[in-house]
Amino acid sequence: MLVTVPTRIYIASAEGHTGKSSIALGVLETLTREIGRVGVFRPISRSTTEPDYVLELLLAHTSLDLPYEDCIGVSYDRVHSDPEAALTDIVSRFNELERQCDAVVIIGSDYTDVGSPTELSYNARIAANLGAPVLLVLGGRRADGSGARTPADMRQIAELTSTELRLAHASLLAVIVNRADPERLSELAAGVTASFDDESQTVPVWSIPEDPFLVAPTVAAVLASTDSTMVSGDPALLEREALGTVIAAMSLENVLPRLTEGAVVVVPGDRSDVIVATLLAHSSETFPSLAGIILNGGIALPPQIERLVSGLQSTLPIATSPLGTYETALRITQTRGRLAADSQRKYDTARALFDNNVNGAALLRLLQVNPSSVVTPLMFEYNLLEKARNSQKHIVLPEGEDDRILRAASSLLARKVAKLTILGDESAIRARGAELGLDLSEAAIISPFDEVLRERFAEEYARVRSHKGMTVLQAMDTVTDVSYFGTMMVHLGLADGMVSGATHTTAHTIRPSFEIIKTRPGVSVVSSVFLMALADRVLVYGDCAVNPDPTAEQLADIAISSSETAVQFGIEPRVAMLSYSTGTSGSGADVEKVRTATAIVTERRPDLLVAGPIQYDAAADATVAATKMPDSKVAGRATVFIFPDLNTGNNTYKAVQRSAGAVAMGPVLQGLNKPINDLSRGALVGDIINTVAITAIQAAEPAAPEPAAAKPAA
C-alpha cells in the first residue's frame with residue numbers, strides 16, 4: 001500500500017529579528033491553498049507554559065483546530081540542560097502532531113538567548129532529524145541595527161549559514177532575504193546566489209523589501225514600555241501602529257513642522273501650549289494624523305487645560321508617564337513591533353509582501369505538493385480572494401461611516417483583491433481611517449451629494465422609473481441615498497458591483513437593484529444562495545434569504561440560477577430539489593410543487609444533473625441514497641440543495657452552520673443583471689471581505705444564459 005508522507009518545511013534564521021514569523025505566515029497560507037490539513041510546530045519555545053505569540057499567530061490562520069500544547073516541542077531550559085534528550089522529545093512530539101496533518105510548517109527558534117552561536121546548528125540538527133528541508137531566512141539589515149546589508153554582506157552570511165546546515169546534514173530548500181533594502185532587492189539576492197557558486201546544485205533565492213509598518217510597535221506597546229497611563233482618547237486607537245517619535249520639548253513654532261504621520265508625540269506635562277496645539281494640528285486636515293501623545297515628567301495637567309482638552313472631544317490617545325524626556329524616548333525606540341494575530345493591517349501587509357516577492361508556485365513544486373481533493377473553508381476563502389484578485393473588478397461600498405467597512409477596505413486594498421469606491425464624506429472617512437491606522441490611499445471616496453454625479457444619476461433614474469411618474473426633481477433627492485447612489489454607479493458602469501447592508505436592512509440594500517438593475521433575461525425571480533463551507537467540501541444552499549414561498553416555476557428558476565452560481569465558484573452542480581419525500585414515495589401539494597419544479601428544470605436545462613423530490617439525507621448521504629434512490633447520479637452526491645421554502649432553507653442553513661461548524665458565506669444574490677450583495681448587520685470584517693470577493697467573481701464571470709439546445713442529462 002502506498003503511504004503518503006506529509007509535507008514538511010523548517011523555517012530557520014541565523015539571527016534574531018529577521019521577520020521569520022511573517023515568512024512562516026506566507027508559507028502557511030501558500031500551503032493552505034492547496035492542502036486540507038496544515039499544522040504548525042514550534043520545536044523550541046521560550047516557555048512551554050507561557051503563550052508563544054508566533055505560534056498563536058500561526059494557529060489563528062490554520063485550517064485545523066490543533067490544541068496549542070500539541071504544537072510545542074520543548075523549552076529553552078530543556079535544551080540547555082540536556083540537548084540530546086531535548087532533541088529526542090522534539091522528534092517524538094512532532095511525530096504525534098504530524099499524524100493529524102497533511103503538511104506541517106515548523107518554525108525555528110527566535111535567538112532570544114544572549115550569545116548563542118550554536119543555535120542555528122541546533123535548529124539544523126532538528127530539521128535533519130525531522131526530515132524537513134530548510135527555508136532559510138536571512139536578515140537584510142545588520143543585527144546590531146547599524147543599517148542595511150550589502151550584497152557582499154549577504155554573500156558572507158549565506159556562506160556561513162549554509163555551511164552550518166550542511167555540517168548538520170540539513171537540506172537547504174530555498175533562501176529568503178527579508179527586510180531588504182527596497183532599492184537593491186535583485187543585488188542582494190544575487191549576493192546570496194553567489195555563495196552557492198561552488199555547490200553542485202543551487203537553490204532559489206527571493207528578496208522581500210523592508211516595510212517600516214511591519215516593525216512598528218502599537219501605541220499600546222509604547223504606553224506599556226513607558227509606564228504610561230491613558231487619560232483620554234479612544235481605547236480602540238491603541239492598536240494603531242506608532243510609526244515614529246517626535247520629542248516636542250521646543251517652542252511651539254518649531255514643534256509643528258516636525259510632526260509626522262503616525263507619530264507618538266512626547267510632550268513635557270507642563271507645556272500646555274504645545275499639548276493643545278498638537279491636538280489642534282491632529283484635528284486639522286493640513287497636518288499629519290498622529291498616533292498618540294505622551295505627557296512625560298509625571299506632571300498632571302492643570303484643571304483648566306484638562307477642561308479645554310475635554311472640550312475638544314479628540315479621539316487621539318493621551319497618556320501620562322512618570323519618566324523624563326530622555327528615558328521616555330529611549331524606551332520608545334527600544335519597543336519592538338511584532339506581527340500580532342489581532343493586527344489585520346500587519347497581517348495584510350505581510351501577506352502582500354510575501355505574495356508579491358516569493359514565487360509560491362515554485363515553492364510548492366520544491367516541496368512536491370499535490371493539490372488536495374478536499375476543500376476546507378480556509379482553502380475556499382483563500383481561493384475566493386485569489387480568484388477575485390485575478391479579476392480586479394471595481395466594487396462600491398456605500399457605508400463609509402462604518403469602521404468594519406473601512407477595516408475590510410484596507411485589507412482588500414492591501415491584498416489587491418479589488419478596486420474600491422467608498423461612499424461618504426471624504427475628509428471624515430480618511431480622518432477616521434488614519435485614526436484606525438488603516439491605509440485607504442488607494443480607495444476612491446465619493447460623496448453621494450457630488451453634484452455632477454447626482455445630476456447624471458437623477459436623469460437616468462427618472463428615465464428608468466418614468467412609468468411610475470418619477471421626475472428629475474424627485475430623483476435628485478432619491479439618488480443621494482447611498483443605496484441608490486451605489487446602485488446607479490453599478491447600473492451606469494462606474495462600478496462592477498456593490499456590497500452593502502452592514503448598517504442598512506436587506507430591503508433598503510436590494511430594493512434599488514430591483515428597480516434599476518433588474519433581472520437577467522430568462523430569469524423571473526431574484527433569489528439567493530449561501531456557500532456552505534463544510535470541513536471537506538463546499539455546498540450551495542438556495543434560497544435561504546429572499547423568497548418566502550416560491551411557486552414551482554420560481555423554484556425551478558432558483559435551481560437553475562443556483563447551479564450557475566455553483567459553476568462560478570468552481571463547484572460542479574448536482575442539484576437536489578428537496579422535499580419531505582423522496583421519489584414517488586409521498587404525495588401532497590408541497591411534494592407536487594417540488595416535483596413540478598424538477599420537471600421544469602429538466603425541460604429547460606436537460607444538461608443539468610437534477611433529482612427531486614428528494615429528502616436531505618438521501619441527497620447528502622451515499623448510504624441512504626443507495627436505498628432510497630439507487631440509480632440517481634445526484635443522490636448521495638448533491639452539491640446544490642434547493643429548499644422548497646424560506647422557512648426550511650433559512651433554518652437548515654443555520655442548523656448546519658451551528659451544529660457542523662460550517663462557514664456560511666452569503667447570502668449571495670443571483671438573477672440580477674449585475675451583482676449586488678447584501679451583508680448581515682452583524683457582519684464581521686472577514687464576512688465583508690469574502691462578500692466583496694464573491695461580488696467581484698460574479699462580475700468577472702456572469703452566469704451563462706441558458707443553452708439554446710442542450711444535450712440530455714446522463
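## Cis peptide bonds

Asp-543 is located in the loop between β18 (538-542) and α23. In this predicted model, the peptide bond that joins Gly-542 and Asp-543 is cis, with omega at about -10°. A further cis peptide bond runs from Gly-612 to Pro-613, where omega is near -5°. Pro-613 belongs to strand β20.

Most residues other than glycine have a negative phi, and most peptide bonds are trans.

## Positive phi angles

Lys-416 is not a glycine, yet its phi is positive, at about 55°. This residue is placed in the loop between α17 (403-414) and β14 (419-423). With a relative accessible area of 46%, Lys-416 is partly exposed.

Lys-518 likewise has a positive phi, of about 65°, although it is not a glycine. Its place is in the loop between α22 (506-515) and β17 (527-533). Lys-518 is partly exposed, the relative accessible area being 37%.

Side chains of opposite charge can pair when their charged atoms come close. In one of them, the side chains of Asp-52 and Arg-42 meet with an N to O distance of 3.0 Å. Asp-52 lies in the loop between β2 (38-45) and α2 (53-59), whereas Arg-42 lies in strand β2, so the pair ties together parts that are ten residues apart in sequence. Both Asp-52 and Arg-42 are buried.

Arg-454 and Glu-451 form another salt bridge, in which the closest N and O atoms are 3.6 Å apart. These two residues, Arg-454 and Glu-451, are three residues apart in helix α19 (residues 451-464), and they are therefore separated by about one helical turn. An α-helix has 3.6 residues a turn, so residues three or four places apart point the same way. Arg-454 has a relative accessibility of 15% and so counts as buried.

Asp-617 is bridged to Lys-628, again with the closest N and O atoms 3.6 Å apart. Because Asp-617 lies in helix α25 (residues 616-620) and Lys-628 in helix α26 (residues 622-628), the pair ties together parts that are eleven residues apart in sequence. Asp-617 is partly exposed, at 35% relative accessible area, and Lys-628 is partly exposed at 37%. Salt bridges with shared partners also join Glu-29, Arg-33, Arg-351, Asp-355 and Arg-415 into one network.

## Packing of α1 and α14

Helix α1 (residues 20-32) packs against helix α14 (residues 344-357) at an angle of about 70°, and their axes are 9 Å apart. Helix α1 is therefore roughly perpendicular to α14.

On the α1 side, the contact involves Ser-22, Ile-23, Leu-25, Gly-26, Val-27, Glu-29 and Thr-30; these meet Tyr-347, Ala-350, Arg-351 and Phe-354 in α14. By class, the residues of this contact comprise six nonpolar, three polar and two charged. Glu-29 and Arg-351 also belong to the salt-bridge network described above.

## Helix α24

Helix α24 (residues 589-604) contains 16 residues. From its first C-alpha to its last it reaches 22 Å, close to the 22 Å expected at 1.5 Å a residue.

The buried residues in α24 include Val-591, Lys-593, Val-594, Ala-597, Thr-598, Ile-600 and Val-601. The buried residues of this helix pack against α23 (552-568), β19 (574-578) and β20 (609-614).

Definitions and conventions. Residues are numbered from 1 along each chain as its sequence is written. This is a predicted model: local features need pLDDT of at least 70, side-chain atom pairs count only at pLDDT 80 or more; totals for chains, interfaces and linings use all residues. Side-chain values use heavy atoms; hydrogens and water are left out. A salt bridge is a side-chain nitrogen of Lys or Arg within 4 Å of a carboxyl oxygen of Asp or Glu. Helices (H or I, at least four residues) and strands (E, at least two) are DSSP runs, numbered from the N terminus. Buried means under 20% relative accessible area, exposed over 50%, partly exposed in between (1.4 Å probe, protein chains only). Axes are lines fitted to C-alpha atoms, for helices over the stretch in contact, and angles run from 0 to 180 degrees between N-to-C directions. Angles under 35 degrees count as roughly parallel, over 145 as roughly antiparallel, 65 to 115 as roughly perpendicular and the rest as oblique. Contact means heavy atoms within 4.5 Å. Ala, Val, Leu, Ile, Met, Phe, Trp, Tyr, Cys and Pro count as nonpolar, Asp, Glu, Lys and Arg as charged, and the others, Gly among them, as polar. The expected span of a helix is 1.5 Å times one less than its number of residues.
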